Amino acid sequence: MIHISIKVIKNSLIFLQRLKSMLAFVFMCVFLTACGGGSDSSSSNARTTSNENLSGLWNGTISEGGKTYATRGLIFDEDANDGLPADFYAISLDAEAIYLGSISVTGDYLEGSAGMYDTSEGYFGQSTITGEGNGKGIIQATGRASYGSVSAISLEYDNSYDRPSSLDTISGVWDSYDDYGRLAASMTIQNNGSFQGDNAGGCQFDGDFSIINSNQNLYRFELEYFGCVLDGYVAEGYAAFFDENGADDRMETVYKLANNGQTQAVVFLEISRSAY
């Protein structure tokens with residue numbers, strides 16, 4: 001999902017910590033699956049057959065303590081029946097939180113865990129989730145943070161996931177900007193998926209984009225930094241187009257940043273095709 005692509009209100013450090021904890025498990029649920037509704041004999045039978053593949057882009061909300069936050073989700077499962085968990089990210093800029101974890105699906109039932117990361121301060125906790133979901137449908141989930149807070153999550157499949165993908169489509173010059181509209185980073189993607197660039201912090205980076213499925217709007221990428229304080233840091237994640245006019249000029253990316261094999265942060269970044 002480069003995607004890497006939600007925003008929050010904090011009154012105090014204590015309030016923020018509670019909010020993150022509450023949302024932690026919630027967001028996790030959001031992408032993981034639907035945690036909620038009861039089951040009947042038909043759902044039990046479904047769990048004995050093939051598993052739902054919840055791969056896709058998801059949009060919805062998370063409700064906690066009387067407040068509702070917009071949330072974007074990404075789930076990717078190579079094969080729903082291979083016994084391996086699916087990758088998932090849950091991003092809420094409203095709550096200034098990103099959740100990174102994995103989920104396992106049996107029939108339409110899902111469960112998993114996720115690390116919770118503040119958009120600026122790094123890791124702050126862990127969440128577990130359970131729920132139910134339908135591929136290209138709806139996910140309803142309930143999440144529980146380690147301290148006991150409970151949240152309700154409701155997500156709907158985003159049809160933009162069904163757009164085709166190609167390396168030719170993403171080739172070109174791409175820029176990202178800070179909150180003040182200043183150029184923060186720029187990179188050039190070749191038509192074979194390789195890219196290189198630099199950022200305002202003096203870092204240079206290079207890496208590669210790859211196609212996962214040419215019928216799906218999702219790209220995988222990895223990169224490495226050099227020549228700066230992030231020298232040796234590596235990033236890997238997903239990207240997807242989210243421009244409503246179909247001009248293929250805006251992508252959202254989400255990725256984990258690691259050093260010596262340890263995840264240091266999870267980053268959401270919006271990039272736009274350069275106008276120059």
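Residues are numbered from 1 along each chain as its sequence is written, and side-chain values use heavy atoms, with hydrogens and water left out. In this predicted model, local features need pLDDT of at least 70 and side-chain atom pairs count only at pLDDT 80 or more, while totals for chains, interfaces and linings use all residues.

**The barrel**

Eight strands close into a barrel. Their order is β1-β2-β3-β4-β5-β6-β7-β8, with antiparallel pairing. Strands here are DSSP runs of E with at least two residues, numbered from the N terminus. Two strands pair if DSSP finds at least two bridges between them. The twist averages 30° from one strand to the next. That angle is taken between N-to-C directions of axes, which are lines fitted to C-alpha atoms, and runs from 0 to 180 degrees. Strands β3 and β4 run antiparallel and are joined by seven bridges. Ala86 has Ile103 in β4 as its bridge partner.

**The cores**

A nonpolar core is a set of buried Ala, Val, Leu, Ile, Met, Phe, Trp, Tyr and Cys residues joined through side-chain atoms within 4.5 Å. Buried means under 20% relative accessible area, exposed over 50%, and partly exposed in between (1.4 Å probe, protein chains only). The largest nonpolar core has 37 residues. Within this core, Ile75 and Tyr99 touch the most other members. Strand β4 (residues 97-106) gives the largest share, six residues. A second, separate core holds 21 residues, including Phe195, Phe209, Phe241 and Leu257. In soluble globular proteins, nonpolar side chains tend to be buried together.

**The disulfide**

A disulfide is a pair of cysteine sulfur atoms within 2.5 Å. The count by this rule is one. Cys203 is joined to Cys228, with an S to S distance of 2.0 Å. The torsion about their S-S bond is about 100°, so the disulfide is right-handed. The pair links distant parts of the chain, 25 residues apart. Cys203 sits in the loop between β11 (194-199) and β12 (204-211), and Cys228 in the loop between β13 (219-226) and β14 (234-241). Both Cys203 and Cys228 are buried.

Most residues other than glycine have a negative phi.

Asn260 is exposed, with a relative accessible area of 73%.

Definitions and conventions: Helices (H or I, at least four residues) and strands (E, at least two) are DSSP runs, numbered from the N terminus.
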